[in-house]
Amino acid sequence: MPTLDPTQLAALLPDTDSLSAMLDELPLGVAVMDAAGILLLVNKTYETLTGVDRNRVLGLQCLHSLRCDYCMGDCPVMTGWKKLGAVGVEANLVSRERSKIQVRLTVAPLLDEEGSLRGAVETITSRTTHTLNSVATGVFELGDLVGRSPQIEKIFAMVPSIAQTDSSVLITGETGTGKDLLAEEIHNASARSDGPFVKVNCGALPDTLLESELFGHTKGAFTGADQNKPGRFRMAHGGTLFLTEIGDLPLALQVKLLSFLDDKVVYPLGSSKGFHTDVRVVVATHRDLEAMVRQKLFRQDLLYRLNVIRLHLPPLRERGGDIPLLQDHFLKKLQTRFGKKVEGFSDNAKTLLKAYPYPGNVRELRNLIEYAVNFCDGKLILTRHLPGYLLHPADPPQPAELEPTAWPDASGQSGAPADTPGRADALPRTPMAPSATWTDMERAIILDALRRAGGRKSQAAELLGWGRSTLWRKMKHHDLG
Amino acid sequence: MEKILIPLMDNDVAPRFDLATDVLIVTIPRESSRRESLEEKVVVLDHASAESICRLAISENVNTVICAGIEGKYHDFLVWKGTKVIDDVCGPVDAVLDAYHDKRLVPGTYIY
């Protein structure tokens, strides 16, 4: 078995520049210090996480650079090593951008041949959680994403293999379908999970600020640029950059993004020097990019580069059986959060929730349940605990801005969504008066279902998601026999 | 009269605003520009808390806070309350005060 020869290793790293270059490629922050905690070397990821400029912090005591709570507490570098071994802790630091960041911090002593302390090496990684599991009930969970409908199951099955590649991913779907969560789960399931997950909303900043935010700038590049800024691409080195609302990216920046995807080099504003960054790009949008390409609002070549892997999250109204599942999931989460003992939903509330079209998708369903849990004073959520607009929705479901039915499904094939039996569109087409009671509402739902089923009771029962006997009993109750 | 607040760690500016238990409050009489005429007092907090330091800054009518690492929400609160914040400052307090007195102190000043 080959043994380590220290001279050979030293020959590989003849000077600090080679060591520094090697450390710069690591996806975790590294700092090397002497026995007194004076910084001798920091790598690129350390600069990214803390926001420091290495040229300014070398020579400083570590705690003034890292600004970590552990440094001001029990750090062995500051308080003396009780035992010469590595220490790993969960800690937080305050970056130069004034953000508090949760990190995993490891401090290990550097010893000479006699075993005396010569210095210490410190590593920091941004703390992320990793959840990818399938529960025995047949419900699939991917982090915070939950579902058991075939469309969702298919996406969950694809994520592990997608995560193992470095290809760009395009996630499409209406607002509130969970695009951001899916992007984060792809990152968490990938080999980059120890690296940063950096999210940028392309629609949230003006064009000029967005360029500086994404690509960084050099000191003096424009008025007010009083220091170098690394930019999100460099901050995501070794990890994933998630660009949400990519459809809102201005055309000028689309060119710059295209150039980055080609050569992986970032040119900060005001600098002619490029920086190589190892970043996986995941993008999401609720817009129809193909239609935007036709309207010359989005570059076709950029779409081709981004569209390597495409995942489409279906709207909630097409996920049928996931609605009750998500109701229970959110109820469980929210009752813990609000400390309430709500056991479930009344049958009427269930019917109403099932019938609602959810234009805001999963996010809207979650908000509805949060509203109900807040207002519920008993053990069951009744219809009166639900927001009033559920009884008389003002508009039919608002699809995505541009032709949602033209979205391809998870397999990449286009097509209109199939009409699922028993899915949540049982609300009467005729708007109800705001003063309508539940009895009026139910009667209208039954009549509407019977009309749509051409008078066939079994089909109407299926449309309503009820058994035939329930429909018969309710028809008798409403004197519709 | 001008008041300056500096979170302390021994004789240095504390690396973290929220983790400092000692706070230096310096009063500079308006009529004097001499560094020696400063009045200094150190307030010892019973536990480290960014909220307590912010409250102290407001109740003491502090004009300027000099600190190292500070979270955005506390920085913005102080600025909103009309307090000037010079953050990302490292160094021994005396040297930092000298730099402030000489109008050389800006965010990102490291004196070691």
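How many bridges pair S3(A) with strand S4 (residues 100-111) of chain A, and in which sense, parallel or antiparallel? The two strands pair over 8 bridges, and the sense is antiparallel. Here helices (H or I, at least four residues) and strands (E, at least two) are DSSP runs, numbered from the N terminus, and two strands pair if DSSP finds at least two bridges between them. This is a predicted model, in which local features need pLDDT of at least 70 and side-chain atom pairs count only at pLDDT 80 or more, while totals for chains, interfaces and linings use all residues. Residues are numbered from 1 along each chain as its sequence is written, and chains are lettered from A and ligands numbered from 1 in the order in which they are written.

An open sheet of 5 strands in chain A has the order S2-S1-S5-S4-S3, with antiparallel pairing. Strand S2 (39-42) and strand S3 (87-94) of chain A are at the edges with a single partner strand each, so one side of each has no neighbour in the sheet. From one strand to the next, the twist averages 25 degrees; axes are lines fitted to C-alpha atoms, for helices over the stretch in contact, and angles run from 0 to 180 degrees between N-to-C directions.

A second open sheet in chain A shows the parallel kind of pairing: its 5 strands follow the order S10-S11-S14-S9-S15. Its edge strands, strand S10 (197-201) and strand S15 (309-313) of chain A, each pair on one side only. Neighbouring strands here are turned by 20 degrees against each other on average, direction ignored.

In S14(A), 6 of the 6 residues are buried, so the strand is largely enclosed by the rest of the structure. A residue is buried if 20 or more other C-beta atoms lie within 10 Å of its own, exposed if 12 or fewer, and partly exposed in between, with C-beta atoms placed from the backbone. In a regular strand the side chains alternate between the two faces of the sheet. In S14(A), A:Arg280, A:Val282 and A:Ala284 point one way, whereas A:Val281, A:Val283 and A:Thr285 point the other way.

What joins S14(A) to its partners? Strand S11 (residues 240-244) of chain A runs parallel to S14(A) and is joined to it by 5 bridges, and A:Thr244 stands opposite A:Ala284. S9(A) also runs parallel to S14(A), with 4 bridges between them. A:Leu170 has A:Val283 in S14(A) as a bridge partner and also stands opposite A:Arg310 in S15(A). Strand S9 (residues 169-173) pairs with S15(A) in the parallel sense over 5 bridges.

A:Val57 lies in helix H4 (residues 54-57) and is buried, with 21 other C-beta atoms within 10 Å. Leaving aside neighbours within four places in sequence, A:Val57 is in contact with A:Leu39, A:Val42, A:Val52 and A:Ser65; contact here means that the C-beta atoms of two residues, placed from the backbone, lie within 7 Å. A:Val57 and A:Leu41 are 16 residues apart in sequence and 9.1 Å apart in space, C-alpha to C-alpha. In chain A as a whole, there are 19 helices and 17 strands, and 38% of the 481 residues are buried.

Chain B contains 3 helices and 6 strands, which run β-β-β-β-α-β-α-β-α from the N terminus. In helix H3 (residues 93-101) of chain B, B:Val93, B:Val96, B:Leu97 and B:Tyr100 are buried. Seen down the axis of H3(B), these buried residues fall within an arc of 100 degrees, so they line one face of the helix; the arc is that of the directions from the helix axis to the C-beta atoms. The buried residues of H3(B) pack against strands S1 (2-9), S2 (12-13), S3 (22-28) and S5 (64-66) of chain B.

Finally, the two chains meet: 14 residues of chain B are in contact with 15 residues of chain A. The predictor gives the complex an ipTM of 0.93 and a pTM of 0.52.
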